[in-house]
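Subject: Structure handover

Hello,

Here is the structure to look through. My notes on it follow below.

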Amino acid sequence: MTSSLLQALKENILIADGAIGTLLYAHGVDQCFEAYNLSKPEEVLQVHQSYIDAGADIIQTNTYGANYIKLARFGLEEEVHQINTRAVQLAKQAAKNETFVLGTIGGIRGIQKLVTSKKDIIRSFKEQLFSLLLEGVDGILLETYYDIDELTAVLEIARKETDLPIITNVSMHEPGILENGMSLADVLTQLEVLGADVVGVNCRLGPHHMIESLEAVPLPERAHLSAFPNASLPAYENGKLVYSKQTDYFKRCAKEFRDQGVRLIGGCCGTTPEHIRALKDGIEGLTPILDKTVQVKEGLITLPSSQTVQSNPTLVDKAKKQHTVIVELDAPKHLEIDEFIKGAKALEDAGVDAITLADNSLATPRISNLAMAVKMKQLHLNVTPLIHLTCRDRNLIGLQAHLMGLHTLGFHEILAITGDPTRIGGFPGASSVFDVTSFELTRLIKQCNQGLSFSGASLRENTAFQVAAAFNPNVANLEKAVKRMHKKIEHGADYFLTQPIFSHEKIIALARETKHIEAPIFIGIMPLVSYKNAEFLHHEVPGMKLSDEVRARMQARSNRADAIREGIEIAKELIDTAISYFNGIYLITPFMNYEITVELTDYVHEKTKAKSTAKIR
């Protein structure tokens, strides 16, 4: 090129190409698009040429997902260098030294931040970046980054490695707001400070919402603005996603992008050479603007935490001051709820601090735990519902809606768990969602406490959720399990409920390993009702391990009544040990036998009262 890309942007509005994948898909590509750089280079070359013929001043390499992490899905992780190298060669062959060529690197993370570690992302990024730089691109395009932490990390690396122009395009779930709740204007300013030469947006949104978002963005001090909108919102027709082909709309929108200060305009998902030709026609005769009036947008409307905090003490508050009992009482698998209500009232009378309501435990459908919590509230039961929330049954949309519903109804105590896979339950053919893990769900719930939805949009009110997390101490390496506990605390867990423990030694060991942890820990105690029950739990239920002594004691009781009595005695002995080290007791009701958990609750209160009296003396 006779002039640099930045010099060209300083003087003109440039048009970039549109979607590569869209065109390859139209040619029948149903696999890794980037692999076609090697297997069908003529197809890729034809795409580049079609955009140049449409008037694109800039084309990008077919390398959006050509990194180790994404290529590994297709077994191509060892071909990162070859795929990226060939991609640049093909783009430069089409450009003929008359069109700028950008080396494209796509973002990896979405809301599922834990799927790939930052360390792995950085390693993968460097490998791809060096392959593109070695082949001689005119600039680097970092596009479709939802996670700003990921983008800033890779931008800093790229800026240290090259003086070439770097374009950074972020993606928004909601107009004007990034996933972390930051405004688009603030994020683009941050990227400029970190060394990006062009800052902007791409993907997810069409021209309308992208222009609307840019209205609140001032002209950068040094960098230039970019915009790569989708063709439209996609429609689902005959099993395929299709986009609008009304390219005249893009021609009209080109001037509006220019009026917002955009100097680099291209296309993303669904765009074709016809869209790019329309953009080119739309900016004909226009020059870049040098001044802009920013439209102030409505900011995040959130209430201080004090305005949304629960009026009653939370379970964390209680457990930090005194012995606290929560009891799990499963909702029915049928529509007869009288026994459940009787059990809940009996537990209220016994003075339990909370009743935990499982979310289709063991992947078996039960009456909605939210419905049962509402029923308890309607009956004016003075006991806190602790509502389990699994990642298995709801996608991100469902989880967000469910949490807003919980807040609206006044339920603030949640146990965030990943959930048992559907194949172990009553509908093994059902699908498991698992959009997020329990770690990510906990983080997103706490994001709601900041007044931000999962997408970063304002909820217009802070939630006040207290998040419990599950903990399994029945492992060979307890120290490693405690490290996992630390990780959950980092993601926002306020307290923990353990799997049932059937060993005094395990309780004592857990106390020793967690003595530095401030978050309350509720020790799971499950009274056994028979030897068969004991054997099933020990051999078939994940996370459950019974000691040889406990199993032998249950085996010795052949009479059912005697077996239940023995199970209660074992539970009481475990409670004796637990209350010596922990304030939290978590009783799991066996088979709706709430009378047993009522007796154990009474026992906890008697023992802790006696313990308090002894201390006073």
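Start with the contacts. Of those in the protein between residues at least 6 apart in sequence, 78% join residues at least 24 apart. Contact means heavy atoms within 4.5 Å.

This is a predicted model, in which local features need pLDDT of at least 70, side-chain atom pairs count only at pLDDT 80 or more, and totals for chains, interfaces and linings use all residues. Residues are numbered from 1 along each chain as its sequence is written, and side-chain values use heavy atoms, with hydrogens and water left out.

Overall picture

The protein has 617 residues, and 55% of them are buried. Buried means under 20% relative accessible area, exposed means over 50%, and partly exposed is in between (1.4 Å probe, protein chains only). The C-alpha atoms fill a box of roughly 90 × 50 × 45 Å along the principal axes. There are 24 helices and 18 strands. Both are DSSP runs, numbered from the N terminus: helices are H or I with at least four residues, strands are E with at least two.

Cavities

How many cavities of 30 Å³ or more does the structure hold? It holds 2. A cavity here is a set of points, on a 1 Å grid over the protein atoms alone, where a 1.4 Å probe fits but cannot get out; lining residues have an atom within 4 Å of a point. Grid points are joined across faces, edges and corners, and a volume is the space filled by probe spheres set on the points.

The largest cavity has about 50 Å³ of space. Its lining is N67, I105, G106, I108, I121, S124, F125, Q128, Y145, E150 and V154. Two or more of these residues come from each of β3 (100-106), α7 (118-134) and α8 (148-161). Helix α7 gives the most, with 4 residues. By class, the lining has 6 nonpolar, 4 polar and 1 charged. Ala, Val, Leu, Ile, Met, Phe, Trp, Tyr, Cys and Pro count as nonpolar, Asp, Glu, Lys and Arg as charged, and the others, Gly among them, as polar.

T116 sits in the loop between β3 and α7. T116 is buried, because its relative accessible area is 11%. Neighbours within four places in sequence aside, T116 is in contact with I69, I108, R109 and I121. Of those partners, I108 and I121 also line the largest cavity.

The second largest cavity has a volume of about 40 Å³. A416, S438, F439, T442, A469, K488 and A493 line it. Helix α18 (residues 438-449) supplies the largest share, 3 residues. This lining divides into 4 nonpolar, 2 polar and 1 charged.

A helix pair

The axes of α20 (residues 504-513) and α23 (residues 560-581) come within 9 Å and cross at roughly 10°. Axes are lines fitted to C-alpha atoms, for helices over the stretch in contact, with angles from 0 to 180 degrees between N-to-C directions. The two helices are therefore roughly parallel, a term for angles under 35 degrees. On the α20 side, H504, I507, I508 and A511 make the contact; on the α23 side, E573, L574, T577, A578 and Y581 do. The contact has 6 nonpolar, 2 polar and 1 charged residues.

An exposed lysine

K321 lies in helix α14 (residues 315-321). K321 counts as exposed because its relative accessibility is 72%.

Best wishes

Key:
1 Å grid on protein atoms, 1.4 Å probe; cavity = no way out; pocket = protein on both sides within 12 Å on 5 of 7 lines; lining within 4 Å. Parallel < 35°, antiparallel > 145°, perpendicular 65-115°, else oblique.
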